[in-house]
Amino acid sequence: MGDTAVIPLTLLPGRTDTTRIGRDRLELLTALIEASAFAPLFRDTLIFIPPQHPLYAWQCAVDGCKRIRRISHNLRNTHNLEWEQAERTGQTKRAFMDAATPSARRAGEWTTAGA
């Protein structure tokens, strides 16, 4: 969507709120979404979050790994367990990341365009 696209907003699909309060709420919501501080990522009808987004990343950080990371780590569960074991032996995170074997996506996991 280009920067000049205008999307009319409604509170609920198929419902038009013609009261002053309803119109004011929609005006306020539209103004907030169009503000420069609002993340452009969330402006489109279909929201796509890239796998390695700086803030909302969801894919394992091992290069080439297509699996979903754990919420509290930047690695999938298996890679995280391998890293904990490697760390106990004195291996650096960089060396571990370079040597880690990427995993293919499993059937039923989320997919991304081009991934």
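User: Where is Q59 placed?

Analyst: Q59 sits in the loop between α1 (20-34) and α2 (77-88). Helices are DSSP runs of H or I, at least four residues, numbered from the N terminus. The model is predicted, so local features need pLDDT of at least 70 and side-chain atom pairs pLDDT 80 or more, while totals for chains, interfaces and linings use all residues. Residues count from 1 along each chain as its sequence is written, and side-chain values use heavy atoms, without hydrogens and water.

User: Is Q59 buried or exposed?

Analyst: Buried means under 20% relative accessible area, exposed over 50%, partly exposed in between (1.4 Å probe, protein chains only). Q59 is buried because its relative accessible area is 7%.

User: Which residues does Q59 contact?

Analyst: Contact means heavy atoms within 4.5 Å. Beyond its neighbours within four places in sequence, Q59 touches P51, Q52, C65, K66, R67, R69 and N74. The Q59 side chain also reaches the backbone oxygen of C65, at 2.7 Å.

User: Is F42 buried or partly exposed?

Analyst: F42 is partly exposed, because its relative accessible area is 31%. F42 also lies in the loop between α1 and α2.

How values were computed. Helix = DSSP H or I, 4+ residues; strand = E, 2+ residues; numbered from the N terminus. Polar contact = N/O pair within 3.5 Å; in protein donor to acceptor, adjacent residues only side chain to side chain.
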